[in-house]
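I opened my notebook today to look up a few features, one entry at a time. Come along and check each entry against the picture.

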Amino acid sequence: MPPESGTPIPFFKAEGCGNDYVFVPLADVGEPTAAKLRARLPELAKLWSHRRFGIGADGVVLIEPPQGDIAATLAMANADGSRGELCVNALRCVARWLVERRDAPSELLLRSGAGAHAARVELVDGGRCWVELEVGYPRTAPEQIPLDPTKCQAFAQTDAAPAEIVLEVDAQRFEGLALSMGNPHLILPLGQPPAGFPVARVGPLLEHHPAFPERVNVSFVHLDATGELLQRTWERGSGETLACGSGAAAARVALGHLLGLPKSQDLIVRLPGGSLTLRQADDERVLLGGPARIVFEGRTELI
């Protein structure tokens, strides 16, 4: 049965580099309501994410109670209601919330649809917070991304590296690298900073390109003269966001492959909402560090 109108739902709003989400701790609502929230997550994500008629966010995240060594398991849906496997910025926000609000240890283990993620939270004076998160391992096989090579104008892959592909949309030819960080990514190196690039026009065309059967997150990147990466990302299901952590992780892997960057070398990725620091471990895991901020807490209603 649908829930009765007026059921109060506690939530908090948090952001990492401007990538913002509505978070609902299911331990605070009781199991009957939690079951309804799980069942209605896509619908509620569209409602609560709306920036005029809802709370306003890039998506909604349900936080499952601790289980064993896992401090929290996240289930997320994008602003359009589609389900997402992984949101790195959301994971960092939950890590901070657990440390500040639930007395969790500063080093903890979280789970997303992409697997388990170790996190380390550093709280500093003035309420600032830095969280280093283990994003996970890049996946490059076409079936893991997933990518249909027969729908690309060109396809090449060697030694388990990101797939080098050529696509055409809007009468333009784009050369990029495709891989998965738990969700599919297309990294498009540009010859100039992406600030003036028509992301809102090209992004959705690439997101829905037939080469990507489950759609794709598209990041437009440029390595500037200082060695920092400038990035804008069109996220599947949410449009352009101020930051995309898994997109930054995918860009670190792609640029490392293209430029031969040492894995241990930090790469600073500058996004419209802030900066992230990326590096890879010897075993290929991607580690990401960035800020996380709790914006406010409140209550809303199921309707």
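Entry 1: E3 covers residues 59-64, and 4 bridges join strand E2 (residues 19-25) to E3, the two running parallel. I also followed E3 to strand E4 (residues 72-78): 6 bridges join them, and they run antiparallel. Here Glu64 stands opposite Thr73 in E4. I noted the rule for pairing: DSSP must find at least two bridges between two strands. The strands themselves are DSSP runs (E, at least two residues), helices are runs of H or I with at least four residues, and both are numbered from the N terminus.

Buried means under 20% relative accessible area, exposed means over 50%, and partly exposed is in between, with a 1.4 Å probe and protein chains only.

**Entry 2: what I am looking at.** This is a predicted model, where local features need pLDDT of at least 70 and side-chain atom pairs count only at pLDDT 80 or more, while totals for chains, interfaces and linings use all residues. Residues are numbered from 1 along each chain as its sequence is written, and side-chain values use heavy atoms, with hydrogens and water left out.

**Entry 3: the cores.** Which residues touch the most other members of the largest nonpolar core? I found Phe23, Leu98, Leu108 and Leu110, in a core of 54 residues. Helix H3 (residues 88-101) gives this core its largest share, 9 residues. A second, separate core has 22 residues, including Ala178 and Phe212. I wrote down what a nonpolar core is: a set of buried Ala, Val, Leu, Ile, Met, Phe, Trp, Tyr and Cys residues joined through side-chain atoms within 4.5 Å.

Next I looked up Leu98. Apart from neighbours within four places in sequence, Leu98 is in contact (heavy atoms within 4.5 Å) with Ala71, Ala72, Asp103, Ala104, Leu108 and Leu110.

**Entry 4: Asp103.** Asp103 counts as exposed because its relative accessibility is 69%.

**Entry 5: Glu284.** I found another positive phi, about 85°, at Glu284, also not a glycine. Glu284 lies in the loop between strand E17 (274-280) and strand E18 (286-291). With a relative accessible area of 33%, Glu284 is partly exposed.

**Entry 6: Glu235.** Buried or exposed: which is Glu235? Glu235 counts as buried, at 8% relative accessibility. I placed Glu235 in strand E14 (residues 229-235). Beyond neighbours within four places in sequence, Glu235 is in contact with residues including Asn19, Asn217 and Cys244.

**Entry 7: a cis bond.** Where is Pro146? I found Pro146 in the loop between strand E8 (129-136) and strand E9 (154-156). The peptide bond from Ile145 to Pro146 is cis, with omega near -10°.
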